[in-house]
Amino acid sequence: MSAVLPSSASLYDRVRRVIPRIEWSVFVEDIDAILNLKRQRNAVILAHNYQTPEIFHCVADIVGDSLALARKAMTVDADVIVIAGVHFMAETAKLLNPDKTVLIPDLNAGCSLADSITAEDVRLMRQRYPSVPVVTYVNTSAAVKAESDICCTSGNALAVVKSLRVPRVIMLPDEYLAKNIAAQTKVEIIAWKGRCEVHERFTAADIRELREAHPGISILAHPECPPEVVAEADFAGSTAAMSDYVARHRPARVVLMTECSMSDNVAVEHPEVDFVRPCNLCPHMKRITLANIRTALEENRHVVTIDPHVAERARWAVERMLFV
């Protein structure tokens, strides 16, 4: 199919700077099918900032970072929620919408951080540090959240830590996020050894090389990056914060030190900004495609379920976070 179908023409106008027409011709049939299926099933698609542009800009109804998706999931008016993201995001959506059908297009869309810790690990940490509250990153399973006092995202981690008004907290499982938050507060933070397989690959040397190759470039880093990367960046924040920074400051040239699809998605909104792309891909996010989103809606797969006892306790930790 070489021509842009009429129902998709306006969508292509939106993404033409980041998707070549020859690639778009492969996407059109699935996009049209998904748009029709959403209407038929009263479904919405929640897409993380790391999804590819044909998903993020063309079929998603709600987009954002983990915190934004968690907040917006609470008010979704739909029978079916499809998560264009990884498994912990689908579980979080289910926690906040227990009576709705939540689908994840690929059950193997996981997360190195979520895989780095278990519920038993949290219980052992509590035994080692009795009475110290546990702050758990949303990049964890529902079972881990259920063992926690409160959840956080990269966008609100500092606020969550401060809200507890205690001298010491356990922050799980991202070691680098914990260290980067510790640098901003006097609260003692006990960290775990989990790391994001995308962000841990960035180095301070990468930043210095970028500055040498592109004088005047603005460098924005995600707080899952190593502390020495965050220290040398011009700004550090969640994916939503990085997007807001670009919108507010309109740098002539910028690099986002995070998953590489993020740059494409922000570039669509800011054609005047030159994005340099150090391309670290998340293999888990890239398991979500137009084809399996379509199949999820056509065949009602894969339905996300959570043990009710686990869900009740995990929901409390997530909801507590949302009111900080």
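**Salt bridges and a helix pair**

Modeller: The structure holds 22 salt bridges. One of them joins the side chains of Glu-120 and Arg-123, at 3.0 Å from N to O. Both residues sit in helix H7, residues 119-128, three residues apart, so about one helical turn separates them.

Now the helix pair. Two packed helices are described by the angle between their axes and the distance between the axes. Take helix H4, residues 66-73, and helix H5, residues 87-96. Their axes come within 9 Å and cross at roughly 25°. Angles under 35 degrees count as roughly parallel, and H4 and H5 are therefore roughly parallel to each other. Their crossing is right-handed.

Which residues make the contact? From H4 come Ser-66, Ala-70 and Ala-73. From H5 come Phe-88, Met-89, Thr-92, Ala-93 and Leu-96. By class, six of these residues are nonpolar and two are polar. No charged residue takes part in the contact of H4 with H5.

Next, confidence. This is a predicted model. The chain averages a pLDDT of 95, and 98% of the residues score at least 70. Residues 1-6 have a pLDDT below 50. That stretch still has 10 contacts in the model beyond near neighbours in sequence. Where pLDDT is low, the predicted coordinates should not be read in detail.

Technical notes:
Residues numbered from 1 in each chain as written. Predicted model: local features only at pLDDT ≥ 70, side-chain atom pairs only at ≥ 80, totals over all residues. Heavy atoms only, no water. Axes fitted to C-alpha atoms, helices over the stretch in contact; angles between N-to-C directions. Helix = DSSP H or I, 4+ residues; strand = E, 2+ residues; numbered from the N terminus. Parallel < 35°, antiparallel > 145°, perpendicular 65-115°, else oblique. Left-handed = near helix turned anticlockwise from the far one by under 90°. Contact = heavy atoms within 4.5 Å. Nonpolar A, V, L, I, M, F, W, Y, C, P; charged D, E, K, R; others polar. pLDDT = per-residue confidence, 0-100. Salt bridge = Lys/Arg side-chain N within 4 Å of Asp/Glu carboxyl O.
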